[in-house]
Amino acid sequence: MDTTDRLASLQPTDPDNATARYVFRVELRLEPDADGLWTDPDQFETTLYRVADDPGESGWLFFRDTLWRGELADEPHFRRLVEDELGCPVISASFSEFRTDEAYLESLKAEIANNLALFNAGSVREVVNKYLGSSIQVT
């Protein structure tokens, strides 16, 4: 399955000035092509990060559109996306946490408050709990 067109959902719009990021646990397998070469271990877990776009900017709804109810909620599809990006077999891939600083989190909450209708919710707290729950880690 060619997932090239869908990789844009994994790519943030401004990765250089990130103060928040999505954290994923990914288990990889290395399979050298050459005969007589192998790795030990051939499987390992690593951490994959995706920068969180600034609230209100293009891509800021990643947590709603792609993470929670989109492409990354489908684990086999998410594995294929990561395989395409990393160029090696992915055994498992899952969302682990949303890591941010206090200023970004407050800005995110303010943007959610200004756009509650986008979430079909009655409060910012309801949105944050529904889409990110206990995965938020303030650093």
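This is a predicted model: local features need pLDDT of at least 70, side-chain atom pairs count only at pLDDT 80 or more; totals for chains, interfaces and linings use all residues.
## Overall layout

The protein has 139 residues, and 33% of them count as buried. Its accessible surface is about 8000 Å², with 44% of that belonging to carbon and sulfur atoms. Taking contacts between residues at least 6 apart in sequence, 70% join residues at least 24 apart.

## The sheet

The four strands form an open sheet in the order β2-β1-β3-β4, and the pairing is mixed. At the edges are β2 (43-51) and β4 (136-138), each of which pairs on one side only. Ignoring direction, neighbouring strands are turned by 30° against each other on average.

β1 is joined to β3 by nine bridges, and these two strands run antiparallel. Within this pairing, Glu27 has Ser92 of β3 as its bridge partner, and Phe24 stands opposite Phe95 of β3. β1 also pairs with β2, again in the antiparallel sense and over nine bridges; here Arg25 stands opposite Thr47 of β2.

In soluble globular proteins, nonpolar side chains tend to be buried together. The largest nonpolar core of this model holds 31 residues, of which Phe63, Phe98, Ile112 and Phe119 touch the most other members. At least two residues come from each of β1 (20-29), α1 (62-68), α2 (75-86), β3 (90-100), α3 (102-114) and α4 (124-131). β1 gives the most, with five residues.

Which residues does Phe98 touch, not counting those up to four places away in sequence? They are Ala20, Arg21, Tyr22, Ala52, Tyr104, Leu108, Leu132, Ser135, Ile136 and Gln137.

## Trp60 in its loop

Trp60 lies in the loop between β2 and α1. Is this residue buried or exposed? Its relative accessible area is 8%, and buried means under 20%, so Trp60 is buried.

Leaving aside neighbours within four places in sequence, Trp60 is in contact with Tyr22, Asp53, Asp54, Pro55, Leu108, Glu111, Ile112, Asn115, Leu118 and Phe119. Leu108, one of these contacts, is 48 residues from Trp60 in sequence, yet the two C-alpha atoms are 8.6 Å apart in space. Leu108 is also among the residues that Phe98 touches.

## The face of α4

The buried residues of α4 include Val124, Val127, Val128 and Tyr131. Why do the buried residues of α4 line one face of the helix? Seen down the axis of α4, they fall within an arc of 95°, so they line one face. An α-helix has 3.6 residues a turn, so residues three or four places apart point the same way.

The buried residues of α4 pack against α1, α3 and β4. Just after α4, Gly133 takes a positive phi of about 50°.

Note on methods
Residues are numbered from 1 along each chain as its sequence is written. Side-chain values use heavy atoms; hydrogens and water are left out. A nonpolar core is a set of buried Ala, Val, Leu, Ile, Met, Phe, Trp, Tyr and Cys residues joined through side-chain atoms within 4.5 Å. Buried means under 20% relative accessible area, exposed over 50%, partly exposed in between (1.4 Å probe, protein chains only). Contact means heavy atoms within 4.5 Å. Two strands pair if DSSP finds at least two bridges between them. Axes are lines fitted to C-alpha atoms, for helices over the stretch in contact, and angles run from 0 to 180 degrees between N-to-C directions. Accessible areas come from the Shrake-Rupley method with a 1.4 Å probe; for residues, only the protein chains shown count as cover. The arc is that of the directions from the helix axis to the C-beta atoms.
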